[in-house]
Structure formats: structure tokens, C-alpha cells
Amino acid sequence: MNNILITGGAGFIGSHVVRLFVKKYPNKNIINLDALTYAGNLENLKDIETSENYTFVKADICDFEVVDSIFKQYGIDSVIHLAAESHVDRSIKDPLSFARTNVMGTLSLLQAAKTNWNDDLKGKLFYHVSTDEVYGSLGDDGFFTEKTAYDPHSPYSASKASSDHFVRSFHDTYKLPIVISNCSNNYGSFQFPEKLIPLFINNICTNKELPVYGEGKNVRDWLFVEDHARAIDLIFHEGKLGDTYNIGGFNEWKNIDLVQVLIKTVDKLLGNPEGTSDKLITFVKDRAGHDYRYAIDSSKLKEELGWEPSLQFEEGIEKTVKWYLNNQDWVKNVTSGDYLKYYKEMYEK
Ligand code: NAD
Ligand code: DAU
């Protein structure tokens, strides 16, 4: 696998995966295909953009002809597919765009892989990056395993579940070599500040309200994004074809407790007296269809491939908060939309 197509490489997780692969595999060509939606930001990759083994292609995964031509032009022999509409709240407002990108876009990539690899499937791989949200919602006990039945509730998770099924169907029907991973909530640098952790860090810094949905009792299982990227690298190289791996940190937090940790960490790093930002917490209307609890059992990944998270949560959160505090220009660019101008100048001449 020498010509690796990474889709969604300008997004949050994708940019960490691209950086890891470009640096770790100087003899492999990394082709980053991204449509640069509001969530895609080439500033996330400034440190590696001039690397010899890196190419950026601005394209929409839903455009089969363009995707097919990229496979041919670059001799793509493997795919790590991350491009998606990823935010649950947006999916509630605009489900159609989630079906388009996450379902039809995945299908277009699968079809391009099938068409181009048809004669020789040896040494090829289609790696689909998915989410634990496909499994639905847990009560107070238990974990999602790779055998948990799919039960998606939001338009986002329904679209990701559908894409997972299409990926498996291409394996079962056409013998396409695939692997799928389903990961829990990620946090870390370069995450678009619409998601809970970067949104709240930013709001605490700018003294804005922290809109906690419902009573803040929902539980999420948080994983540092660089640990997710390492897991993807491992599964890409050593995962069993046709198999599924759950990725998670065994790190559950009730939203309201997590918000307290964020407040404490930001206040400490800004030199504010303890408790300064507590007043910003504002309980607001709950998210429609809000899944109560996610918790991943990632023991298969540990037992079969030896993966474990590298960071303790408090350490990861402190690192993350410091990154946002030290990269205020990035935050400002992203929240003001200035970065969209940057793309226009670079790629739309
Ligand atoms: P993101 O929203 O930060 O990035 C998505 C990227 O995809 C952006 O760069 C965007 O420009 C690109 N994109 C969107 N539509 C496209 C299209 N039609 N064609 C080409 N590119 C397009 O997302 P993320 O949080 O980095 O998530 C990446 C993947 O990981 C997604 O598939 C998501 O479902 C999955 N995932 C995310 C998490 C999480 O906590 N963020 C957890 C588990 C799985
Ligand atoms: O579990 C993996 C999923 O994690 C990924 O597949 C998704 O792409 C990713 O967006 C994330 O989904 P969530 O909906 O769990 O993440 P979000 O950051 O939007 O919300 C985390 C929790 O915080 C959730 O219970 C909703 C709550 N929340 C979120 C926001 C944005 C709030 O209370 N207030 C907020 O303003």
C-alpha cells in the first residue's frame, strides 16, 4: 500500500491521521482528498504541506467521476475514509446533506475502489472510519462491543450506520478488502469549535455562556485524537480484512462533570481564581433524540493488536486547553470564517 488516499484529511481527525502518515511513512504517497467544507481547514496541515510525499486534492467524494480520475491519476491502492458531515446538531437541522455526503459519498468511493481494483484485489484496502453512535444509546451499565446490534437515533448516526452497511456489503458481495473502526468521542487540537470541548474552552476564554443540554447528565467516552490516529495506523496495517474494531478510552464522563474540569483547567491556566467561570454554566433545551450514554469496549483492539490509549484524561485535557489558548489566531480564523478566504485564494484561481 504505497499510494494512500485519505479523505477528509483537512478536518479534525483527518488532519492528525495525515500528519502521522506523512511523517511516519516518507516512502509512501499520501493523497489528501477534501472538499474543504466549513469543517475542512488547510491551516491544520501547515507543518507538513510542503512534504514531498504529500498531495492535496480539493474534491467532493460524491462526485464519482472526479473520485475515479483521482484513483487513476495517483494509482490509489488504499483508502482511509474519514470525510463526512460529523456534527449531530447540524444533522438535526439538515439531514439531507448528511445522507448525501455520508451515504452517497461513501458509496461513490466504494464504487471507485471496486472499479479500479477489480482485476487485482491483493494488497488493496478500503478502511472506513466510523463512530460508536451507530450502536445507539446505553443505560447506566454495559458497553458497546463489536457485536452490539446497530440502533442509530440521529440523522448523523443513521447516515454513518448506512455507510458502514454499504462498506460491509462491498466486502460480502464483491470481496472488496475492507476494515471498519467505530470510535468514541475525540478531543484535542484542531477540532472545530462547534463540538462540546473546543466550544466550551473558547466560551470560557471569551466569558460567554456554556449551553449545557438538558440536565448535563448524558455520558460520553472521551479519547485523545492522537491516540485515535495511532489506532487507525495500527488497524490499517495489521487489522484483519473484513473485520471491525471498536476504539475507545474507557474514559466516561457525565457532561456536567466534564464542563467543571474544563472550567477548572481554563481558569487555572488563565490565572483566574478558582470558580471564576462557574457562573457561565447555562442549562438549555435538550438536544432532540439525545443519546443518554456511550461507552466503548475496546478490549478486542488491545488483545488482538496491542493498542492502548497513551494519555490520562486530565493530562490530555490540559494539553488541549493549552493548545487552544496558544492558538487563538486559529480559533479566530475558524470562527470568523477567514480561513475560507485563504482556500479561495489558494485553490480557486
Ligand atoms: P470534521 O467535521 O472535523 O471533518 C470532516 C472533513 O471532511 C472536513 O475536512 C470536510 O471538509 C471533509 N468533507 C466533508 N464533506 C466532504 C465531501 N463531500 N467530500 C470531501 N470532503 C468532505 O470531522 P471529524 O470529527 O474529523 O470526523 C472524521 C471522521 O471520523 C468522520 O467520518 C466521523 O464520522 C468520524 N468520527 C468522528 C468522531 C469525533 O469525535 N469527532 C468520533 C468517531 C468517529
Ligand atoms: O461518539 C462519537 C461522536 O462524537 C462522533 O461520531 C461525532 O462526529 C462527534 O461530533 C461526537 O458526537 P457528540 O454529539 O457526542 O459530540 P458533541 O461534542 O456535539 O456533544 C458532546 C455531548 O455534549 C453531547 O451529550 C451533547 C452535549 N453538548 C454539546 C454541545 C455542542 C452540550 O451539552 N452542549 C453543547 O453546546
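Arg220 places a polar side-chain atom 2.9 Å from an oxygen atom of ligand 2. The protein covers 94% of the 690 Å² of accessible area that this ligand has on its own. The model is predicted. Arg220 also belongs to the lining of the largest cavity.

**Ligand 2**

- The shell around ligand 2 has 24 residues, and those that come nearest are Ser86, Asp132, Tyr156, Arg287 and His290.
- The side chain of Asp132 has an N or O atom 2.6 Å from an oxygen atom of ligand 2.
- Tyr213 makes its approach through the backbone, where an N or O atom lies 2.8 Å from an oxygen atom of ligand 2.
- Helix 6, residues 196-205, supplies at least two residues of this shell, and strand 8, residues 210-213, also supplies at least two.
- Sorted by class, the residues around ligand 2 are 10 nonpolar, eight polar and six charged.

**Ligand 1**

- Around ligand 1 there are 28 residues, of which Ile13, Asp34, Ser86, Tyr156 and Lys160 come nearest.
- Ser86 and Tyr156 are listed among the nearest residues for ligand 1 and also for ligand 2.
- The side chain of Tyr156 has an N or O atom 2.7 Å from an oxygen atom of ligand 1.
- Asp60 has a polar side-chain atom 2.9 Å from a nitrogen atom of ligand 1.
- At Ile61, a polar backbone atom is 3.0 Å from a nitrogen atom of ligand 1.
- Ligand 1 exposes 840 Å² when taken alone, and the protein buries 96% of that area.
- Four elements each give at least two residues to the shell around ligand 1: helix 1 (12-24), strand 5 (125-131), helix 5 (155-174) and strand 7 (185-187).
- Strand 5 gives the most to this shell, with three residues.
- The shell of ligand 1 divides into 14 nonpolar, 11 polar and three charged residues.

**Largest cavity**

- The count comes to one cavity of 30 Å³ or more.
- The largest cavity has a volume of about 50 Å³.
- Its lining consists of Val88, Glu133, Ser154, Arg220, Arg287, Ala288, Gly289, His290, Asp291 and Tyr294.
- Arg287 and His290, which line this cavity, are also among the residues that come nearest to ligand 2.

**Second largest pocket**

- The second largest pocket has a volume of about 170 Å³.
- It is lined by 13 residues, and Gly249, Pro309, Leu311, Gln312 and Phe313 lie nearest its centre.
- Strand 9, residues 219-224, provides the largest share of the lining of this pocket, with three residues.
- The pocket lining is made up of eight nonpolar residues, four polar residues and one charged residue.

**Annotated domain**

- An unreviewed UniProt entry lists residues 5-320 under "domain: NAD(P)-binding".
- Over residues 5-320, the chain is 41% helix and 17% strand.
- The end C-alpha atoms of the 5-320 stretch are 28 Å apart.

Methods. Residues numbered from 1 in each chain as written. Chains lettered and ligands numbered in written order. Predicted model: local features only at pLDDT ≥ 70, side-chain atom pairs only at ≥ 80, totals over all residues. Heavy atoms only, no water. Near = heavy atom within 4 Å. Polar contact = N/O pair within 3.5 Å; in protein donor to acceptor, adjacent residues only side chain to side chain. Areas by Shrake-Rupley, 256 points an atom, 1.4 Å probe, with all protein chains shown as cover. Nonpolar A, V, L, I, M, F, W, Y, C, P; charged D, E, K, R; others polar. 1 Å grid on protein atoms, 1.4 Å probe; cavity = no way out; pocket = protein on both sides within 12 Å on 5 of 7 lines; lining within 4 Å. Points joined across faces, edges and corners; volume = space filled by probe spheres on them. UniProt positions renumbered as here; feature names shortened; annotations may be inferred.
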